[in-house]
Amino acid sequence: MSKSKKFAVNRRGFLKGAATAAAGAAAIATHVPESDAQTPPAGPGRSNTPAPPPNAAQLERDAGAVRPPAGGNARAAVRPGSDLMVQVLRDLGIEYVAANPGSSFEGIQESIINYGNPPNVMPEFITALHEESSVTMAHGYGKATGKPMCALLHGTIGIQHAAMSIYQAYYDKTPALLIAGRDLGFIAAHSANDMAGMVRSYTKWDATPKTLEESLVAIQRAYTEAITPPCAPTMVVIDIDLQKEEAGTLKVPAYQPPKISGIDPGQAREIAKGLLDAQNPRIAVGRLRTPDGVRLAVQLAELVGASTSTAATQGPMSFPQRHPLCGPGANTSYDFTLGLEQPGTVGLVGPSLATLLSRDSTNIGFGGIAPGVSRAGGAGRGGRGGGAPAGRTVDIDAEASLPAIIDEVRRQMSPDKQRVIQDRSAKHATANQTARIEALTRALEQRRAGWDASPISTARVYAELWPLIVDEDWILSSPSNFSGAHNAQLWDHNKPYSYLGGQGAGGMGYGAPASVGAALAAKSRKQIVINVQTDGDLNYAPGVLWTAQHHQLPMLTVMHNNRAWHQELMFVEYMCGVRGRGTERGHIGTTLRDPFIDYRMMAACYGMAGEGPITDPVKLGPALKRGLVSVKKGQPYMIDVITQPR
Amino acid sequence: MTTKSSMLMFVAVVGLAAPIAIRAQQGATPAAPTAKPVTALTSPVTGNAVTGKKLYYDHACYSCHGFNGETGARPFVPNWPANLATEGSFTAFLRGRANLSPVQPSTAMPNYPVQSVSDAQARDIYAYIRSFKSAQPTVDKIPVMNQILAAAKKPYKQ
């Protein structure tokens, strides 16, 4: 559906707007029938004048009876500016552009689907049913890959639909490239002088270029800013005129990737010496930026034989959980700890969102970012690696610092040290494996509780899944914190993308679209996505199920269907209890009952295969197997499981 | 909607097994026994379990204790806490819960004064709770768990 249909104008007003838009786009060599060419009103408030009835030519065009002008099939623009914009995206390696269609970016949309050979590849247009879904898809993709995905937003309305998702990605320090279309000549309420201003306080960078050339540079700059720490969403507002402008001989500027600052050589020498001189060094690994950072962290740990902690059970881009060096090690008295996005004897911690406070020009003061705002903890990734002492923090990106440290370690290495390191590494490996088996044994003992109960225990959902995917290349895309977080104890998170972590800002409506974004990444990498989906969360934007089906994404959705926004139920029950006015109405506004929602049917209406609701725990395992068979064929699958609350 | 608080709050849940440390400020009935959990209860049950089942659902007891008392944040089957030793201790426990002026949202167990849950209703809930049976085989009888352990013992692959 066109966005314009959402606008509260009657059909005549709509046609009037279309006519004035066509006439107002002075830079576009589009033929406008004389009768349609009306003078566009200038400035704000131009839509206040009641729209006249449509004239005959407008009605004729609306009926589809308009023909191109005589003299051939000449295109309005031989080399439209939007082709160059798409070429920039292609050069940047943008795989996907998600959007709910909107006329303000119709030039870019047409270029994505028609420009190049083959068209609609790198980037591919992903059809979203809501802008909040588009941006959360980019959020999930960004966490799975460490790279930005693009989302197109339609004018002021698209940006505001997307606002919540932008906010979450911002808090999650996840890169995303947002392009907002603007059409000053169409529906007045859809455009604004400073459209990016609506989300400026929670985007990292934005621009509204005035020329086509500036637009191309701005897209490149937006990409650079998004992937430079602190990583965050960025936005470019591009006028429709620039998208449709004839580019002529204009060339796409060469892209220069950013050089992200790491520690200086002196600090690298000091850290390398600390790691090599220590009897029992430790590396505490938080959330790095990209898979390359994880690879370098592994390389460093293996070089120095350090035991490591990981944040891989809390989010992406951290140390492999089953790596032999990951764990407490053979000796838990660490005499030097290097923190990578973590505290340590020396902790390398990249810039926080607080460094972007100047963009909050109206001093909204978001909690955890602005000083003195919240009683709760600060925002930012990192996770709790554990075991890291308080020490000196160097405000520098850890990932960008690793190559210099590794070089210094190699330079300072001696054969004697190598022998010690080999011996220490072997002891760590043995100790860590023993600790791991002991921890797993304890975890299984705890999670057998309610094994045969109905509704099905959440622990059983995760336990049944693990043997089925242990040898697959998988992504757990949905937050598990409301589902018992059983993956943290039962599964091994060995890839940078194994677990994508929480919502970012704790907002609901994240799990399903983020899983679709992860599944976009998975599709081109031959991976599968596991989405243990809470029911309350899915109901914010269930249309993403259609997107998953339409684009044939490898996503298994297993409902954690407790028929409630369960944490809120507990909150309200508590309030009812402490006020002593009865807890039997605590379900009002917190539960999804009367009627229960059937998620298999919901998926089916979007064309997705599935089964359920399943209440018998014995039937769970076979259903999961069927689901995985489907997903490995590229067909998403829905299993509705009625579960215990947590 | 947002969750209003982090999941960390979840770990702060004070369930049936928690000590009753703040009873005094509420002028509640005497503290329940503090004996260690037991695996079987034999005290008399006088309530109606059928009525209790509805009350267990209506008052959302399942939200923290699961639908059979064995799952969730505060399970109590099969290791029954001392608060559940008798009808009397259970009722006393319901009456003496929680801070009455909370500032922040909490998932702690609510207080249940008599105007919320009568003594008779408490006995009915107790009767239903006492009907719960453990549904947990030992680990060695669960094939999936054995597969998980076996997988963990395999060498790590990059």
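Helices here are DSSP runs of H or I with at least four residues, numbered from the N terminus. With that in hand, let's work through some exercises on this predicted model.

**Exercise 1. Where does A:A426 lie, and is A:A426 buried, partly exposed or exposed?**

Solution. 
- Start with the element: A:A426 belongs to helix α12 of chain A.
- Next, bring in the cut-offs: a residue is buried with 20 or more other C-beta atoms within 10 Å of its own, and exposed with 12 or fewer.
- A:A426 has 13 C-beta neighbours inside 10 Å, so A:A426 counts as partly exposed.
- To place the residue in space, take A:Q220 as a reference: A:A426 and A:Q220 are 206 residues apart in sequence, and their C-alpha atoms are 46 Å apart.

**Exercise 2. How many helices and strands does each chain have, and what share of each chain is buried?**

Solution. 
- Chain A comes to 20 helices and 16 strands.
- Of its 646 residues, 55% are buried.
- Chain B has 5 helices and 0 strands, in the order α-α-α-α-α from the N terminus on.
- In chain B, buried residues make up 42% of 158.
- In chain A, 80% of them join residues at least 24 apart; in chain B the figure is 75%.

**Exercise 3. What is the strand order of the open sheet of 6 strands in chain A, and which strands stand at the edges?**

Solution. 
- Reading across the sheet, the order is β2-β1-β3-β4-β6-β5, and the pairing is parallel.
- The ends of that order give the edges: β2 (124-127) and β5 (205-207) of chain A each have a single partner strand, so one side of each is left without a neighbour in the sheet.
- Neighbouring strands are turned against each other by 20 degrees on average, direction ignored.
- Now zoom in on one pair. Strands β3 (residues 150-154) and β4 (residues 176-182) of chain A run parallel and are joined by 5 bridges.
- Within this pair, A:L152 stands opposite A:I179 in β4(A).

**Exercise 4. Which elements make a right-handed β-α-β unit in chain A?**

Solution. 
- The unit is made of β15(A), helix α20 (residues 620-632) of chain A and β16(A).
- Its two strands, β15 (residues 609-614) and β16 (residues 637-641) of chain A, pair in the parallel sense over 4 bridges.
- One residue pair to display is A:I614 with its bridge partner A:V641 in β16(A).

**Exercise 5. How many residues does the largest nonpolar core have, and which have the most contacts inside it?**

Solution. 
- The largest core has 154 residues.
- Those with the most contacts inside it are A:V97, A:A98, A:A151, A:I179, A:A297, A:I475 and A:A518.
- Recall A:I179 from Exercise 3, where A:L152 stands opposite A:I179.
- Leaving out residues up to four places away in sequence, A:I475 touches several residues, among them A:A144, A:Y497, A:L500, A:A518 and A:V529.
- A second, separate core has 37 residues, including A:L569, A:F571, B:L55 and B:A127.

**Exercise 6. What makes up the side of chain A that touches chain B?**

Solution. 
- Count first: 47 residues of chain A are in contact with 48 residues of chain B.
- Then find the elements: α12 (415-447), α13 (458-469) and α18 (566-579) of chain A each supply at least two residues of this side.
- The largest share, 10 residues, comes from α18(A).
- By class, this side has 23 nonpolar, 15 polar and 9 charged residues.

**Exercise 7. Which peptide bonds are cis, and where is phi positive in a residue other than glycine?**

Solution. 
- Begin with omega. The bond from A:N117 to A:P118 is cis, with omega near 5 degrees.
- The bond from A:M122 to A:P123 is also cis, with omega near 5 degrees.
- A:P118 sits in the loop between α4 (106-114) and β2 of chain A, and A:P123 is placed in the loop between α4 and β2 of chain A.
- Turn to phi. A:A485 has a positive value near 50 degrees, and lies in the loop between β12 (474-476) and α14 (487-490) of chain A.
- A:A485 has 19 C-beta neighbours inside 10 Å, so A:A485 counts as partly exposed.
- For A:K526, phi is near 60 degrees; A:K526 is in the loop between α15 (511-525) and β13 (528-534) of chain A.
- With 10 other C-beta atoms within 10 Å, A:K526 is exposed.

Key: Residues numbered from 1 in each chain as written. Chains lettered and ligands numbered in written order. Predicted model: local features only at pLDDT ≥ 70, side-chain atom pairs only at ≥ 80, totals over all residues. Pairing = 2+ DSSP bridges. Right-handed = clockwise from strand over helix to strand, strands pointing away. Contact = placed C-beta atoms within 7 Å. Nonpolar A, V, L, I, M, F, W, Y, C, P; charged D, E, K, R; others polar. Axes fitted to C-alpha atoms, helices over the stretch in contact; angles between N-to-C directions. Core = buried A, V, L, I, M, F, W, Y, C linked by C-beta atoms within 7 Å.
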